[in-house]
Amino acid sequence: MTERYIPLAINGGIGYGSWLKPKQLIVLGEYLGEDQEIELTTLQQLIVKIPESQFEDAKKKFDEVGLYYYKVGNYVKSLRTCNFCKGEEEEGMPVAKELNNRIAGQEVPFTLRPAYTGCPVGCGEPLVNDIGVMKKKEHYQLYIGGQAKGYNAKVGQLFADDLTSEELFDLVDRVLEVYRQNGRKREKFSKFISRYGFENIKEELKLGKLNH
Ligand code: SF4
């Protein structure tokens, strides 16, 4: 019987910069054929295909060495981040990790790219991703609808300002739910916002209550 392969997007998790350790690459190599191609994406991920028969074993080994794995397809991708150059606490790395835990892998009408950046310098390029979070002093700004690719590339619009971390988690979840419920199959998030209406999404979420 022909072996099935499961595509996974892999990285070393959220931390200072984007790193992989040799022991992680050795473990990864155990599940890949010698000539298998590994795609290196612009989203700080390696795309690999793992044999289905070894999938459960691979997940355990990946957990042991701190490799993070995500589904490939119409899901929320793992959070792209900046390098947190000013320190873990000051730049909100725990918030980025928690946000990633909550949203990465959620099913959506079309692959969605979220990005986080620890200060307004914006090294994580949050404004040209579908969902962008920017830490500003003690609070967070949420941008939606950015698009880096194509002739119609555009920056996201400020959706909410001065959010606490809990408000941010809650609001991102609710925005994703509006998209899930109302987006057409394979409709990009930025197109969905244009069709459905930025203000309509705000209204639906009664956003006024969240803005300070
Ligand atoms: S966005 Fe700010 S905290 Fe993050 S790497 Fe750039 S300058 Fe450093």
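Colleague: Why is phenylalanine 84 called buried?

Modeller: Its relative accessible area is 1%, and buried means under 20%, exposed over 50% and partly exposed in between (1.4 Å probe, protein chains only). At 1%, phenylalanine 84 therefore counts as buried. Before we go on: this is a predicted model, in which local features need pLDDT of at least 70, side-chain atom pairs count only at pLDDT 80 or more, and totals for chains, interfaces and linings use all residues. Residues are numbered from 1 along each chain as its sequence is written, and side-chain values use heavy atoms, leaving out hydrogens and water.

Colleague: Where does phenylalanine 84 sit?

Modeller: In the loop between S5 and helix H3 (93-103). Helices here are DSSP runs of H or I with at least four residues, strands are E runs of at least two, and both are numbered from the N terminus. The phi of phenylalanine 84 is near 50 degrees, a positive value in a residue other than glycine. Most residues other than glycine have a negative phi.

Colleague: What makes a residue part of the shell around the ligand?

Modeller: One of its heavy atoms has to lie within 4 Å of the molecule. The residues around the ligand are Cys82, Asn83, Phe84, Cys85, Glu91, Thr117, Gly118, Cys119, Val121, Gly122 and Cys123. By class, that shell has 6 nonpolar, 4 polar and 1 charged residues. For these classes, Ala, Val, Leu, Ile, Met, Phe, Trp, Tyr, Cys and Pro count as nonpolar, Asp, Glu, Lys and Arg as charged, and the others, Gly among them, as polar.

Colleague: Why is lysine 137 called exposed?

Modeller: Its relative accessible area is 74%, so lysine 137 passes the cut-off for exposed. Lysine 137 is in the loop between S7 and strand S8 (139-144), and its phi, near 55 degrees, is also positive.

Colleague: And what makes aspartate 63 exposed?

Modeller: Aspartate 63 has 51% relative accessibility, so it counts as exposed. Aspartate 63 is found in helix H2.

Colleague: Why is H1 called roughly antiparallel to H2?

Modeller: The axes of helix H1 (residues 22-29) and helix H2 (residues 55-65) come within 10 Å and cross at roughly 175 degrees. That makes H1 roughly antiparallel to H2, because angles over 145 degrees get that name, while those under 35 are roughly parallel, 65 to 115 roughly perpendicular and the rest oblique. The axes are lines fitted to C-alpha atoms, for helices over the stretch in contact, and angles run from 0 to 180 degrees between N-to-C directions.

Colleague: Which residues make that contact?

Modeller: With contact meaning heavy atoms within 4.5 Å, Lys23, Gln24, Val27 and Leu28 of H1 meet Lys61, Phe62 and Val65 of H2. The classes are 4 nonpolar, 1 polar and 2 charged residues.

Colleague: How do you know that S2 and S3 pair?

Modeller: Two strands pair if DSSP finds at least two bridges between them. There are 2 bridges joining S2 to strand S3 (residues 46-51), so S2 and S3 pair, and they run antiparallel.

Colleague: What makes S2 and S4 edge strands?

Modeller: The open sheet of 4 strands has the order S2-S3-S1-S4. Strand S2 (39-40) and strand S4 (68-71) each have a single partner strand, so one side of each is left without a neighbour in the sheet.

Colleague: How do you know that S3 is mostly covered?

Modeller: In S3, 5 of its 6 residues are buried.
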